[in-house]
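Here are a few exercises to work through with the model open beside you. Try each task before you read its solution.

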Amino acid sequence: MKQEGKKHIWSNYQKEIAEDRYFYVRSCIRQTFFPGSENTFLKILREVLGKDVHESPNHTTCTGIGYHCEVVPFATTQTVVARNFALMRDAGYQNYTPSCVTSFGIYTEILDTWQHFPAEKEKTRAFLKQATGREFEEPNSLAHTSDIIYKFRNEIAQKAKYQLINSETGEPLKIVEHIGCHYAKMFPEKSVGGAEYPNVLAGMIDAWGGNVIDYPERRHCCGFGFRQYLIQANRGYSMSASKKKFESMEAYQPDFIITNCPGCNYFLDRWQYVLAETEQKTYGSNGYGIPVLTYEEVAGLVLGFDPWEMGMQMHQIDVEPLLKKMGIKYNASEKFKGPQGQELGLPEFPEHVKFTTQSDN
Amino acid sequence: MSDVRYTEGIKSCINCGTCTAICPAAEVYKYEPRSIANLVQTRDETIIEDLLKSDTIWYCGECMSCKTRCQRNNAPGLIIQALRTLSIEKGYFIHSEKGRQQLALKRMIGDSILETGYCVHFDNTPHDMFPESGPIWQWVQNNRQSILEKIGQNLYKNGDGPNRKISKGNLEELRKIFEVTGGIDWFKKIEEQSTKKANDMVMNRGNQSDIDSQYFKDIYTHNDQEKHNR
C-alpha cells in the first residue's frame with residue numbers, strides 16, 4: 001500500500017493522549033528484565049519534558065499474566081485493577097499510564113466490559129469496598145507509556161544529540177518495529193494507528209531519522225503466549241513464532257528491532273540467542289544478532305543518555321554494534337562494571353552469536 | 001455460559017476460517033479457532049464436556065490476533081478464556097496433559113502475586129527453569145546489588161521504583177481481594193484437583209510449597225511430542 005493510503009487509514013485511529021499529570025504503573029516483566037527502561041521513561045518525562053508523573057509505592061500488578069494463564073479469575077482481575085484506579089483517585093490524578101502492554105490490554109478490556117456490562121462494574125465496586133474499603137473512579141484517559149513518548153516524539157527530536165542514522169554512510173537506519181499484540185489487536189480504536197498500521201513506534205522512527213522496514217510477518221506475535229512460554233514443555237510454540245519473524249525480516253537487513261511490549265523485547269532478544277546456540281543461525285550482520293531495544297532505550301540514545309545507566313548491558317544480544325553504527329560516544333570499558341567503576345567480572349559469552357568483548361574495542 | 005467473554009466472543013460466525021489462518025497456535029498444534037467456534041455453537045453438552053477435558057483448549061496463546069481480523073468482530077480467544085474458566089471450575093482441567101499445567105502456573109504466577117505483588121519477580125526467574133534467559137541473566141543475578149544500583153533499581157527497598165518491596169498492608173489488600181472475588185477458591189481448586197490426579201498417577205506430589213516434586217516436574221517439562229503437533 002502506498003504511503004498516502006496508510007496515512008488515510010491512520011487518520012481513523014487517532015488517539016487523544018493527555019498532555020501532563022500522569023499516574024504511572026510499573027510492569028512485572030519490564031521492571032524485572034529492563035528496569036533501566038522504566039527509569040529512562042521517568043527521566044525523559046520529568047527531566048527532559050518537565051512533566052508531572054506520579055508513582056504510588058502502593059500499586060501492584062494488574063494480574064494480567066495470571067489472568068491470561070487462567071490462574072486468576074476475571075472478577076479478581078477486575079477488582080485488582082479497580083484498586084489501582086482507586087490509588088490514582090486518592091493521589092489526585094486522572095491520566096492512567098501503564099508501562100506494560102499486557103496491562104494496557106487488561107485495562108482496555110475491563111473498561112470496555114464495564115461499558116457493555118455495567119453490572120460487572122457494580123459487582124467490582126462492591127468487591128473492592130468489601131475487601132479494602134476503597135472506592136474507585138475510571139480514569140479520564142488511558143495511554144500506554146509508548147503513546148506518551150509518541151506524543152512527544154517531535155519535542156524529543158528537537159533535543160536530540162543523535163539520530164537514527166548510520167554515522168558512516170549517512171543513510172537512515174533500517175528498523176523493524178514490533179508492537180505487542182495486546183496494544184491494538186483487541187481494541188484497535190484505543191491505539192495510535194489501529195492494529196493493521198499502528199503508528200506508535202513507526203512515528204518515533206520517522207521523527208528520529210530512521211526508516212521503517214515493512215516485512216511480511218510484521219504483525220505476527222512474538223510467541224509469548226503466556227502459558228506457551230512459562231511452561232517449559234510448551235516453549236516450542238514460543239520460539240517458533242519468533243523464528244518465523246526473524247526469517248521474514250532477515251532479507252531486509254535490519255539494524256535493530258524496537259518494541260513497545262516488555263515481553264516481546266525479552267523474547268525477540270532471548271530467542272535469537274537460543275536459535276544461535278541450538279541451530280548456529282544468527283540474523284544480524286557479521287555473526288551478531290539483531291539488537292532488540294525498548295522504545296525508552298531508543299529515545300534515551302537519541303537524547304544522549306548513557307547506555308549502561310539505561311541497563312542496555314542486560315540484553316543477551318549485544319547492542320554495541322548499533323551504538324558504534326550510530327556514532328554514539330560511550331565508554332565501552334564501563335559496560336560490565338559497577339556504579340563506582342568496580343570490576344564485576346565478565347558474563348559468559350555465547351558460543352555462536354558474537355558478543356563484543358572489551359578487547360574488541 | 002454466563003461468562004461475559006462468551007457473550008462478547010461469538011455472535012454470528014460465518015465460518016470463514018480467517019481466525020485459523022492467522023493463529024500462531026494453529027501453526028504448531030492441531031488447533032483451529034474456527035472449530036472451537038463451531039463446537040460451542042452446537043450447544044451439545046457432551047461435545048462441550050469433551051472439549052473442557054481436552055488438550056485443545058489449552059493450545060491457544062491468547063494473543064487475540066483472531067479478534068483483529070474477524071469480519072464479524074468475534075473473538076475465539078475470548079471463547080477459549082470462558083471455556084478454560086469452566087474447565088477449572090468443574091475440575092476438568094486435570095484430564096489433559098496441557099490442562100494439568102495449571103498447577104505449575106498457579107504456583108509460579110499465582111503465588112508470586114500474593115507474595116511479591118507481581119506476577120513475575122526478579123527472584124522468581126531462576127536460570128535452571130528459564131535457561132533461555134541466558135548467561136547475561138546469570139551475570140545480572142550474580143551481581144545484582146551493583147548492577148541494579150547502577151541503573152537505579154530499588155530491589156526489596158521501601159518507596160517507589162522497580163522491584164520495590166510491597167508493604168504488608170498492600171499484600172493483605174491483595175489477598176483480601178483474592179478471597180472475596182473467588183481467586184483463593186481457584187487456587188484451592190487447582191491444588192486439590194491436582195493432588196487427586198497426582199495420587200491417581202502414583203506420584204509424590206510433595207507439600208504445597210514444594211515445586212520440585214515429581215508431579216510439578218512432570219507437568220512443567222513433559223510434552224507428548226507425538227500428540228501435540230500438527
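**Exercise 1: the A/B interface**

Between the two chains, 95 residues of chain A are in contact with 86 residues of chain B, where contact means heavy atoms within 4.5 Å. Before going on, note that this is a predicted model, in which local features need pLDDT of at least 70 and side-chain atom pairs count only at pLDDT 80 or more, while totals for chains, interfaces and linings use all residues. Residues are numbered from 1 along each chain as its sequence is written, chains are lettered from A and ligands numbered from 1 in the order in which they are written, and side-chain values use heavy atoms, with hydrogens and water left out.

Task: describe the area buried between chain A and chain B, and the pairs across it.

Solution, step by step:

1. Start with area: about 7600 Å² is buried between chain A and chain B, and carbon and sulfur atoms give 60% of that. Buried area here is the accessible area (1.4 Å probe) that two parts lose on being put together, summed over both.
2. Next, polar contacts: 45 residue pairs between chain A and chain B qualify, both residues at pLDDT 80 or more. A polar contact is a pair of N or O atoms within 3.5 Å; within protein, one must be able to donate a hydrogen and the other to accept it, and residues adjacent in sequence count only if both atoms are side-chain atoms.
3. Then sort the chain A side that touches chain B: 41 nonpolar, 34 polar and 20 charged residues. Ala, Val, Leu, Ile, Met, Phe, Trp, Tyr, Cys and Pro count as nonpolar, Asp, Glu, Lys and Arg as charged, and the others, Gly among them, as polar.

**Exercise 2: salt bridges**

Solution, step by step:

1. The rule asks for a side-chain nitrogen of Lys or Arg within 4 Å of a carboxyl oxygen of Asp or Glu.
2. R69(B) pairs with E196(A) in a salt bridge, with the closest N and O atoms 2.6 Å apart.

**Exercise 3: a helix pair in chain B**

Task: at what angle do α8(B) and α12(B) pack?

Solution, step by step:

1. Find helix α8 (residues 102-116) and helix α12 (residues 183-200) of chain B; helices (H or I, at least four residues) and strands (E, at least two) are DSSP runs, numbered from the N terminus. Chain B has 13 helices and 0 strands.
2. The angle is about 145°, with the axes 10 Å apart. Axes are lines fitted to C-alpha atoms, for helices over the stretch in contact, and angles run from 0 to 180 degrees between N-to-C directions.
3. Look at who touches: α8(B) contributes residues including L103(B) and L114(B), and α12(B) residues including F187(B) and I190(B).
4. The residues of this α8(B)–α12(B) contact split into 5 nonpolar, 3 polar and 4 charged.
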